[in-house]
Amino acid sequence: VPPVTEAVARRALLRFVASRCCYGSRAAAELAIRRLRQLGTYRYRLETFSESRLSEWAFEPFTKPGAARPPGHAPLDPWDVEVGAPPLFQGQTRRCRVPHSALIRDCHRCRGHGRSKCGVCHGAGRTRCVACKGSRRRLKQQKRCQLCSGTGRKRCNTCSGRGSKTCVTCQGEKKLQHFKQLVITWKNNVFEFVSEHHLNFPGELLSKVSGETIFQDENVVVYPIIDFPEPAISLASRRAIAEHSAAFAASSRILRQRQTVELIPITEVHYQYLGKTYLYYIYGLENKVYALDYPERCCCGCAIV
């Protein structure tokens, strides 16, 4: 990772100050940089691309005679159904039918009649007249209601006076085709660990920046890193692989694993402004800035990171 120069450090601070509504830019432009301390920390990441499957019953109107399960064909096991996986380390959920699992049954909603009682007129085919409200006469004119011809009721618009309407479940087909639906979930499970840096610097900020990849290992199953220069990374690798193996091996299938180690650069910048000494940090390949005690602020309610 190229070291941060004074020019880069000043530009990073000016960019940071410009993004804060209550930070003045004069201090960033006139400060005197006294020391640049190049530091860094390691980030370990384990990605486990897993696949899980479960089956659930679903149904649809039966419109294709002969599509039911032929006799003698047992439904396949969920893991025997061939389904193409998405690109590695990209989560996705997909649904498909389990072959040879279809069963034909009468519609449970209309009991195989194809029609169900209208919920507006409750099967009567007629509803109360909206003009006379069922009184048969216009209240103000005391004349027979012309809309309902004095009956107080009119034909139901929902069912066209039939008292029933096409069943919404079977769509009038009278039968339903029940089948097992396979729900397949691919998930990229991530374990992340950042080694301690012992600085006056919030460690959670490092998860928002990128670093230089110095190690990468990808396979169906990866093995723990041994004898890394930072012992905490080796320990994190062993712990991550053990946790993912215990969590996903029983209920899912591990398709691929990838572990990486990144070096996240951190530069400690010491500077002077108006005779006082201050400090700020530049971190990540994006040259983000953390300035806890920036000298030129006009309010104390602004976010500093």
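**First stop: helix α3**

Select α3, which has 18 residues and reaches 26 Å from its first C-alpha to its last, close to the 26 Å expected at 1.5 Å a residue (the expected span is 1.5 Å times one less than the number of residues). Helices (H or I, at least four residues) and strands (E, at least two) are DSSP runs, numbered from the N terminus.

The model is predicted: local features need pLDDT of at least 70, side-chain atom pairs count only at pLDDT 80 or more, and totals for chains, interfaces and linings use all residues. Residues are numbered from 1 along each chain as its sequence is written, and side-chain values use heavy atoms, with hydrogens and water left out.

Next, colour by relative accessible area, where buried means under 20%, exposed over 50% and partly exposed in between (1.4 Å probe, protein chains only). The buried residues of α3 are I233, S234, A236, S237, A240, I241, H244 and F248. Viewed down the axis of α3, these buried residues fall within an arc of 160°, so they line one face of the helix; the arc is that of the directions from the helix axis to the C-beta atoms. What covers them includes β1, β8 (175-194) and β10. On the face turned away from the buried side, select P231, L235 and A246, which are exposed.

A salt bridge is a side-chain nitrogen of Lys or Arg within 4 Å of a carboxyl oxygen of Asp or Glu. Because E243 and R239 are 4 residues apart in α3 (residues 231-248), about one helical turn separates them. An α-helix has 3.6 residues a turn, so residues three or four places apart point the same way. E243 is partly exposed at 39% relative accessible area, and R239 is also partly exposed, at 42%.

How many salt bridges does a search of the whole structure find? The search finds 10. Select R37 and E268, which form one at 3.2 Å, N to O. R37 is partly exposed, at 33%, whereas E268 is buried, at 7%.

Then move to E218 and R256, a salt bridge whose closest N and O atoms are 3.3 Å apart. E218 lies in strand β9 (residues 212-219) and R256 in β10, 38 residues apart. Both count as partly exposed, E218 at 29% and R256 at 24%.

Finally, select R43, R45, E192 and E262, which are linked in a network of salt bridges. Centre on R43, which is located in strand β1 and is buried, at 2% relative accessibility.

Which backbone oxygens does the side chain of R43 reach? One belongs to L206, at 2.7 Å, and another to V209, at 2.9 Å.

To view the surroundings, display the residues in contact with R43 (heavy atoms within 4.5 Å), not counting residues up to four places away in sequence. Among them are E192, F193, V194, S207, S210, G211, T260, V261, E262 and I264.

Key. A polar contact is a pair of N or O atoms within 3.5 Å; within protein, one must be able to donate a hydrogen and the other to accept it, and residues adjacent in sequence count only if both atoms are side-chain atoms.
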